[in-house]
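Me: Please take a close look at the contact between the chains. I would like one connected account that starts there and then follows the parts around it.

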Protein chains: 2
Amino acid sequence: MKEQLGVLVDQLNFSQLFVLCDENTKEHCLPSLLNAMTSLGQAPKVFCMKAGESNKNLETVEELWSFFSENYADRKSVLLNLGGGVVTDLGGFAAATYKRGIQFVHLPTTLLAMVDAAIGGKCGINFHSFKNQIGTFQHPKEILLYTPFLHSLAEAEWQSGKAEMIKHALIADLAMWNRIKHFRFEEHEKWSSLIKNSARIKIKVVDADPLEKGYRKVLNYGHTIGHAVESIFMKKEKPLSHGYAIAIGMQIEAYLAHLVCGLSMSSVQEIHQYLTSHYPKVNIEAADRADLLNFLKQDKKNEAGLVKMSLLKEIGKPNFDQTVSFEQAEQAIEWYLEK
Amino acid sequence: MKEQLGVLVDQLNFSQLFVLCDENTKEHCLPSLLNAMTSLGQAPKVFCMKAGESNKNLETVEELWSFFSENYADRKSVLLNLGGGVVTDLGGFAAATYKRGIQFVHLPTTLLAMVDAAIGGKCGINFHSFKNQIGTFQHPKEILLYTPFLHSLAEAEWQSGKAEMIKHALIADLAMWNRIKHFRFEEHEKWSSLIKNSARIKIKVVDADPLEKGYRKVLNYGHTIGHAVESIFMKKEKPLSHGYAIAIGMQIEAYLAHLVCGLSMSSVQEIHQYLTSHYPKVNIEAADRADLLNFLKQDKKNEAGLVKMSLLKEIGKPNFDQTVSFEQAEQAIEWYLEK
């Protein structure tokens with residue numbers, strides 16, 4: 001940590017350092033960050049926000065802007081965002097808009113933030129119950145990956161991050177997929193190189209299409225069906241985690257890829273078997289299936305009554321803007337449930 | 001108007017059009033815009049904000065974001081900002097941050113906005129009494145110059161815009177300076193080509209240095225002393241307009257340019273004579289002179305006790321980051337007062 005931070009501190013030409021954390025990272029991650037900072041002769045000013053998605057809002061951003069002003073942050077101040085996606089999204093937005101933009105660095109502390117949320121330059125907040133309604137595209141100066149932060153991670157958070165790592169392998173890296181298949185997810189300490197590889201895949205996709213005009217859509221694999229599944233379980237007593245829903249989405253969309261763009265049935269089976277071994281099959285009742293299809297019909301990517309999805313030609317080779325009919329979607333959902 | 005709008009409407013690939021105006025432009029400019037729109041088959045949704053700098057704040061931005069949400073603005077919506085600098089600054093910021101950025105077009109309605117505020121990609125709002133504390137850099141898709149909007153402009157607003165036009169000529173265009181000198185400011189209708197030329201100068205400077213890292217500072221000519229003069233008159237019964245203060249700043253900084261980087265005394269005289277004929281000399285009392293120097297001492301561009309200014313080598317040839325001592329600044333102020 002000290003070494004990585006040392007390089008960073010030398011690179012950045014800053015006047016003052018600020019840290020944004022939340023109640024969780026304040027307890028579990030901030031002490032080691034401040035320790036390393038102290039030994040580098042730095043004493044950053046720390047702002048702690050309330051944890052959780054419901055605090056990713058304008059009120060919190062205002063408090064952070066005020067904190068900057070009260071502490072005389074100038075254009076050469078730098079903000080370190082220490083946390084998961086909520087902290088990196090909100091901190092990135094606050095920094096990108098303070099005095100027309102100060103530099104920021106992400107120190108992601110969850111697996112999902114390390115391989116996904118912190119990468120890509122999307123930052124923003126929720127506004128009036130609309131998710132990420134207000135925001136901007138702004139890349140962090142640096143993303144500092146420090147995997148020991150993951151020690152305090154809850155199992156559900158591992159599962160969410162894992163699903164995105166599997167997705168990255170499936171859309172872009174057959175070799176990584178083969179490595180993942182033989183990895184024991186419980187051996188967290190051996191994950192470093194897989195995490196870095198996964199982050200690299202996302203960086204590569206984003207660099208190819210920074211403003212999400214086309215190719216970047218390949219990152220949506222598993223997400224069209226996944227979001228629909230997530231939303232119908234949201235009303236239940238026991239909602240599904242985002243990662244779990246995406247894992248189901250990837251299976252159903254693998255079968256759709258078979259129907260629509262020729263993914264072989266053996267690959268569909270391979271994806272299905274691996275994913276159900278880590279995300280055991282969930283039943284979707286008949287009434288929920290109708291809701292799920294209705295949800296799909298409202299997807300903002302639809303055109304002329306057809307759903308647009310990002311699917312796979314082969315493992316490691318994505319195809320975006322694939323057209324799927326509602327009948328095909330229904331058929332794929334049935335396939336998943338009957339397997 | 002209809003012709004310019006027609007080209008714009010054809011170019012933009014939009015789902016919905018929105019207009020931001022204020023109470024003044026609603027009365028004086030919106031009718032002709034809506035007329036032209038109607039004949040193009042467009043019916044934009046209009047949001048009217050309260051006029052004035054004191055409403056360039058987060059509350060107004062929130063209202064505008066809510067207006068977008070309530071009217072189902074999507075990423076292909078386009079915002080037309082119809083107004084002076086307050087409207088273009090705030091509208092640009094609201095658009096740049098809604099759904100990570102929708103396109104916007106400026107329709108500046110004041111001379112100052114046409115030649116200065118609408119150009120350069122700076123947008124933002126005031127926050128807790130700090131001017132432009134929150135904002136971002138984002139260029140409009142287009143700036144539509146329609147000089148008939150100026151018919152309703154108050155004299156003080158002409159004066160503010162004029163000062164920036166004179167500045168543009170002095171820092172970049174000797175030929176324009178010679179044209180301006182023989183222009184009768186009262187013949188507003190003849191101004192179109194000068195306004196366009198002035199806007200072009202600003203665009204050229206901004207393009208050369210979009211994020212204000214160096215060269216763009218030449219636009220500060222007249223502004224270091226000008227801001228100090230503006231601030232000491234702010235407390236008076238009769239404050240000076242921004243343009244008036246800048247006109248004084250340009251004279252004093254012309255003399256400083258003579259002291260520091262060799263601007264000839266004949267050019268200093270030429271600048272002084274022209275400016276005092278349009279912005280009659282203002283007296284600065286002894287107590288105010290001390291305040292003025294104190295204000296300069298707090299300028300954020302200072303380094304090692306010296307003021308950094310953008311000055312002129314010759315008319316049309318600027319020099320930024322010029323070092324001026326407080327003694328020289330005092331001497332130049334005395335020169336202005338004794339002339």
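Reply: **The contact between chains A and B**

Of the interface residues of chain B, 100% are also interface residues in chain A, so the copies meet through the same surface; residues are taken to be in contact if their C-beta atoms, placed from the backbone, lie within 7 Å. The model is a predicted one, in which local features need pLDDT of at least 70 and side-chain atom pairs count only at pLDDT 80 or more, while totals for chains, interfaces and linings use all residues. Residues are numbered from 1 along each chain as its sequence is written, and chains are lettered from A and ligands numbered from 1 in the order in which they are written.

Chain B contributes 19 residues to the contact and chain A contributes 19 residues. On the side of chain B that touches chain A, two or more residues each come from α4 (58-70), α5 (85-97), β5 (122-127) and β6 (130-137) of chain B, where helices (H or I, at least four residues) and strands (E, at least two) are DSSP runs numbered from the N terminus. The largest share of this side, 6 residues, belongs to β6(B). By class, the side consists of 7 nonpolar, 9 polar and 3 charged residues, with Ala, Val, Leu, Ile, Met, Phe, Trp, Tyr, Cys and Pro counted as nonpolar, Asp, Glu, Lys and Arg as charged, and the others, Gly among them, as polar.

As for the symmetry of the pair, chain B is superposed on chain A by a rotation of 180° with 0.0 Å of shift along its axis, at an RMSD of 0.0 Å. That is the relation of a two-fold axis; the superposition is by least squares on the C-alpha atoms of residues with pLDDT of at least 70 in both copies.

Two of the contributing elements, β5(B) and β6(B), run antiparallel and are joined by 5 bridges, and two strands are said to pair if DSSP finds at least two bridges between them. Within this pair B:Ile125 stands opposite B:Ile134 in β6(B). The hairpin that the two strands make has 2 residues between them, and there B:His128 takes a positive phi near 50°. In β5(B), 6 of the 6 residues are buried, so the strand is largely enclosed by the rest of the structure; a residue is buried if 20 or more other C-beta atoms, placed from the backbone, lie within 10 Å of its own, exposed if 12 or fewer, and partly exposed in between.

Chain B also holds an open sheet of 5 strands in the order β2-β1-β3-β4-β7, with parallel pairing. Its edge strands are β2 (45-49) and β7 (142-143) of chain B, each of which pairs on one side only. Strand β3 (78-83) and strand β4 (103-108) of chain B run parallel and are joined by 6 bridges, and B:Gly83 stands opposite B:Pro108 in β4(B).

A:Ala199, found in helix α9 (192-208) of chain A, touches A:Met114, A:Val115, A:Ile119 and A:Leu145, not counting residues up to four places away in sequence. A:Ala199 counts as buried because it has 20 C-beta neighbours inside 10 Å.

Note on methods
Two residues are in contact if their C-beta atoms, placed from the backbone, lie within 7 Å.
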